[in-house]
Protein chains: 2
Amino acid sequence: MTTTPAHVHSATCGCPRHTIHHAQSHHGWDRALPPVLHVAPGEVVEFEVAEASGGQLSPQSSVDDVGRLDFGRINPVTGPVFVDGAEPGDLLKVTLLSFEPSGWGWTANIPGFGLLADEFEAPALQLWSYDPATLAPALFGAWGRVPLKPFAGTLGVAPAAPGLHSIVPPRRVGGNLDVRDLAAGVELYLPVEVSGALFSIGDTHAAQGDGEVCGTAIESPMKVALRLDLVKDRPQAFPHFVTPGPVTRHLDARGYEVTMGIGPDLMAAARAAVRGMVERLAARHGMPPVQAYLLCSVCGDLRISEIVDLPNWTVSFYFPRVVLE
Amino acid sequence: MTTTPAHVHSATCGCPRHTIHHAQSHHGWDRALPPVLHVAPGEVVEFEVAEASGGQLSPQSSVDDVGRLDFGRINPVTGPVFVDGAEPGDLLKVTLLSFEPSGWGWTANIPGFGLLADEFEAPALQLWSYDPATLAPALFGAWGRVPLKPFAGTLGVAPAAPGLHSIVPPRRVGGNLDVRDLAAGVELYLPVEVSGALFSIGDTHAAQGDGEVCGTAIESPMKVALRLDLVKDRPQAFPHFVTPGPVTRHLDARGYEVTMGIGPDLMAAARAAVRGMVERLAARHGMPPVQAYLLCSVCGDLRISEIVDLPNWTVSFYFPRVVLE
């Protein structure tokens with residue numbers, strides 16, 4: 001973390017009062033980290049967010065760079081921001097106002113990481129280029145185009161437990177939630193565990209499906225503007241959010257191909273559903289299986305179709321047909 | 001199972017050649033059951049499907065009837081149909097042509113059954129009345145309206161293993177899949193394990209969310225017309241299907257409220273997400289928690305938002321705002 005001062009904008013309604021540059025980032029969550037900014041509830045802040053490699057990958061990277069990734073520098077988050085008056089038991093309301101994407105991104109299969117890590121052991125890298133102004137669907141080689149919906153994978157506040165906590169897993173205070181619908185217009189509510197909340201954001205994605213099955217999305221640096229508010233004295237177990245409208249209309253127009261996994265273990269069923277789709281895409285489109293796996297991660301959705309018909313559950317993987325047709 | 005002969009229609013294109021009445025039903029799957037009909041690949045069959053209580057509940061039922069349900073008579077399926085030429089290793093292609101709903105339905109909390117069975121131990125019953133012609137959203141008491149999308153919860157073929165297999169769990173040959181998108185226009189592919197496939201259908205629903213979290217949907221008798229085809233020699237692990245278009249536009253216009261469960265166990269996370277939504281609906285709308293639970297089952301969706309951020313997964317429960325706003 002550097003000590004670069006936060007850039008302060010003029011205080012016009014809806015415009016950010018503050019910009020926090022991506023150099024003001026940290027790795028992992030720790031309540032002892034000094035805030036880079038203090039804000040009053042209701043203030044708007046703009047964040048510069050690095051992509052999840054923290055600068056280790058670039059538009060010029062090759063697959064060899066994936067094998068050399070330093071996990072200690074993965075997923076930097078910009079912040080933390082101290083919200084005046086926030087106390088344990090409150091909810092921090094985060095209103096996502098806008099995303100300003102950069103136009104490039106990457107998706108990787110990182111050895112040891114991902115739902116089918118044991119079946120895809122070699123590193124793989126897909127670089128993406130897209131128009132940040134129009135957000136037209138991004139070309140995926142000669143196979144198709146992936147509709148985009150920028151969002152932040154990581155939004156969280158500091159856990160109460162002292163010490164440094166890994167950035168990788170999400171927790172009840174948020175963090176690496178990787179919910180593909182945390183996009184512009186959403187109101188997200190995070191349980192506060194420490195005074196000032198200590199909010200940070202990172203891991204912006206140009207597109208991701210439910211599950212993020214290969215472990216990465218279209219990892220893409222962006223600027224994000226958001227408003228921080230407080231709901232006092234509202235303890236709740238986990239975060240929740242509200243979307244202003246539909247969440248899949250940018251890619252559902254032609255329907256879906258759907259594979260299933262069925263059995264008594266949700267994880268095994270999820271793996272079977274994704275494996276089934278990878279096999280279908282590879283067989284029908286002549287795509288190397290690892291490419292199909294990356295594609296599934298950026299646009300396909302894992303759903304629990306039924307979780308009550310003892311002893312077997314149905315997990316389904318929905319692949320949007322518009323991508324390849 | 002009775003021996004009522006199948007009703008034979010004239011053989012015009014797209015019209016059913018055969019109608020199988022709901023009296024021609026069976027409980028459980030068994031390769032030894034005699035077919036009620038033989039068809040050639042490509043033939044269209046109309047099925048009368050009873051609701052999942054098999055006549056034990058009616059529009060006049062009370063909650064006391066839920067406590068008296070005989071599980072031996074649950075979820076009758078109409079069939080089986082022998083498809084000429086079907087052999088193990090083939091796929092049975094089921095094209096769902098039309099649903100003719102009845103206009104009434106029920107949703108129940110059945111003790112011992114459902115994702116939160118340990119938290120909702122008492123029986124509960126919600127009766128529904130809807131217009132089968134317009135399929136306008138169905139009134140849910142004074143609280144709101146649930147958009148409808150008729151589909152079949154149970155579509156399957158006989159397992160190879162001899163003997164009687166419970167109707168409750170789905171298997172790789174299909175059965176009680178309870179996938180809310182198996183609606184008109186869908187092409188479903190089921191792995192065949194026995195000669196003739198022995199296809200049956202049941203458990204028609206007027207609406208259900210992903211998860212069917214309380215254990216029941218809007219259980220509603222219907223007629224279903226479908227075409228049975230074969231794809232020869234195409235072994236695959238589990239069923240798959242293709243939808244002709246979007247799957248949530250009947251209810252997503254106003255977006256969603258979303259609760260989360262986060263942790264290392266998908267089942268515990270799913271329970272937390274649903275529990276969170278039940279608590280929200282009860283607190284905000286003055287709804288008895290069990291009613292909120294039933295409502296979640298008929299219109300809310302369980303999704304796996306991320307399944308890769310070791311060691312914690314994010315499961316989200318999406319409740320469509322149009323229902324209560």
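Buried here means under 20% relative accessible area, exposed over 50%, and partly exposed in between (1.4 Å probe, protein chains only). With that in hand, some notes on the model.

1. Ground rules. This is a predicted model, where local features need pLDDT of at least 70, side-chain atom pairs count only at pLDDT 80 or more, and totals for chains, interfaces and linings use all residues. Residues are numbered from 1 along each chain as its sequence is written, chains are lettered from A and ligands numbered from 1 in the order in which they are written, and side-chain values use heavy atoms, with hydrogens and water left out.

2. Helices (H or I, at least four residues) and strands (E, at least two) are DSSP runs, numbered from the N terminus. Helix α3 of chain A covers residues 289-299, and nine of its 11 residues are buried, so the rest of the structure largely encloses it. The buried ones are Gln291(A), Ala292(A), Tyr293(A), Leu294(A), Leu295(A), Cys296(A), Ser297(A), Val298(A) and Cys299(A). Over in chain B, α3 (residues 289-299) also has nine of 11 residues buried, so it too is largely enclosed; Tyr293(B) and Cys296(B) are among them.

3. The A/B interface. Taking contact as heavy atoms within 4.5 Å, 68 residues of chain B touch 68 residues of chain A. The two chains bury about 5200 Å² between them, with 60% of that on carbon and sulfur atoms; buried area is the accessible area (1.4 Å probe) that two parts lose on being put together, summed over both.

4. The rule finds two salt bridges between chain B and chain A, a salt bridge being a side-chain nitrogen of Lys or Arg within 4 Å of a carboxyl oxygen of Asp or Glu. One to look up is Asp252(A) with Arg249(B), where the closest N and O atoms are 2.5 Å apart.

5. What chain B brings. On the side of chain B that touches chain A, β17 (240-242), β18 (256-263), α2 (266-285), β19 (301-306) and β20 (313-320) each supply at least two residues. The biggest giver is β18(B), with seven residues. Strand β18(B) also pairs with β17 of chain A (residues 240-242), antiparallel and over three bridges, where pairing requires that DSSP finds at least two bridges between the strands. In that pairing, Phe241(A) sits opposite Val258(B).

6. Strand β5 of chain B. All seven of the seven residues in β5(B) (residues 43-49) are buried. Glu43(B), Val45(B), Phe47(B) and Val49(B) point one way, while Val44(B), Glu46(B) and Glu48(B) point the other. On the pairing side, β2(B) (residues 18-20) runs parallel to β5(B) with three bridges, and His18(B) has Val45(B) as its bridge partner. Strand β16(B) (residues 222-231) runs antiparallel to β5(B), joined by seven bridges, with Glu43(B) opposite Leu228(B).

7. Salt bridges within chain A. The whole structure holds 36 salt bridges. Lys149(A), Arg180(A), Asp181(A), Asp210(A), Asp301(A) and Arg303(A) are linked in a network of them. Within it, Arg180(A) and Asp181(A) have their closest N and O atoms 2.7 Å apart, and both residues are buried. Asp301(A) and Arg303(A) meet at 3.7 Å, N to O, and each counts as buried at 1% relative accessibility.

8. A bridge between β18 and α2. Glu257(A) and Arg284(A) also form a salt bridge at 3.7 Å, N to O. Glu257(A) lies in β18(A) and Arg284(A) in α2(A), so the pair ties together parts that are 27 residues apart in sequence. Glu257(A) is buried at 9% relative accessible area, whereas Arg284(A) is exposed at 52%.

9. Backbone spots to check in chain A. The Gly79(A)-Pro80(A) peptide bond is cis, with omega near 0 degrees, and Pro80(A) is in strand β6 (residues 77-83). Leu310(A)-Pro311(A) is cis as well, with omega near -5 degrees; Pro311(A) lies in the loop between β19 and β20. Asn75(A) has a positive phi near 55 degrees without being glycine, and is buried at 4% relative accessibility. Asp178(A) has a positive phi of about 55 degrees and is buried at 1%.
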